[in-house]
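Hi,

Here is the structure I said I would pass on.

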Amino acid sequence: MPRGMPEAQLDEQFTTLAQQDLARSFGMWVFVSSELLFFGPLLLGYLYVRTHYPQACALASRHTDFWLGTLNTALLLTSSLAIALAGAAAKAGDRRRTVRLLALTIALGLAFLAVKGIEWHKEVGEHLFPGAGFRPDDAPGAETLHGMLLFFLLYFALTGMHALHMCVGLGTCAVLAWRLQGRGDRGPSAESVELAGLYWHFVDVVWIFLYPLLYLVGRAGG
């Protein structure tokens, strides 16, 4: 496997590689910004529930698994470091190191999804999934129960949407790593790895916001 990264190919609609890089970076920023439309309404819904049912939100948050959420936060922060190093290795022209760091990023992302799956399974078993079977064992009244139901509705929607975006990022990293394994000078350029890193960092930043909102709100006061 050659160590050098493939050279970027100039598309016919651009006059220089610098112009092409700027257009692709701008396009990725626009795409990432548009992804906020998926999370924005859910976060506004969370703000409404948090404002109108503060006691229920605090009580419901204590049902989330703090240690699994913290473990997943550590996994994602480490994966962000890995893909940032992959971008640096790609820019330096080290294809082999880039592939290894992309593989590490994928492994950490899969570990995140596995931990999240364990957490979801645990919560479903505790009858915390919104629906007819929703019945936490410590809801003191109908209003609090309703607030807890809304909290977990948003919890599963937000974490499910985040997991879906994680899958997109994992697929992108897997395709890049697979194509970089090929021989010859063709394949994704260093810029492609950096753009994939930008998307991955976006997914991680979303989780950094979700972690305190979903896991810490009921524990701040002890």
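Rings of Phe, Tyr and Trp (its six-membered ring) count as a pair if their centres lie within 6.5 Å; planes under 30 degrees apart are stacked, over 60 edge-to-face, and the rest tilted. On that basis the structure has 13 aromatic pairs.

Before going on: this is a predicted model, where local features need pLDDT of at least 70 and side-chain atom pairs count only at pLDDT 80 or more, while totals for chains, interfaces and linings use all residues. Numbering starts from 1 along each chain as its sequence is written, and side-chain values use heavy atoms, with hydrogens and water left out.

Two of the pairs share Phe 152. With Phe 151 the pair is edge-to-face, at 5.4 Å centre to centre and 80° between the planes. With Tyr 155 the centres are 5.7 Å apart and the planes at 70°, so this pair is edge-to-face too. Phe 152 and Tyr 155 sit three residues apart in helix H5, about one turn of the helix. (Helices are DSSP runs of H or I, at least four residues, and strands are runs of E, at least two, numbered from the N terminus.)

As for burial (buried is under 20% relative accessible area, exposed over 50%, partly exposed in between, with a 1.4 Å probe and protein chains only), Phe 151 is buried at 1%, Phe 152 at 0% and Tyr 155 at 0%.

Now, what does H5 pack against? The axes of H2 (residues 54-61) and H5 (residues 142-180) come within 8 Å and cross at roughly 60°; axes here are lines fitted to C-alpha atoms, for helices over the stretch in contact, with angles from 0 to 180 degrees between N-to-C directions. That makes H2 oblique to H5 (under 35 degrees is roughly parallel, over 145 roughly antiparallel, 65 to 115 roughly perpendicular, the rest oblique). Ala 56, Cys 57, Leu 59, Ala 60 and Ser 61 of H2 meet Thr 144, Gly 147, Met 148, Phe 151 and Phe 152 of H5, contact being heavy atoms within 4.5 Å.

H2 itself is mostly covered, with six of its eight residues buried.

Cheers
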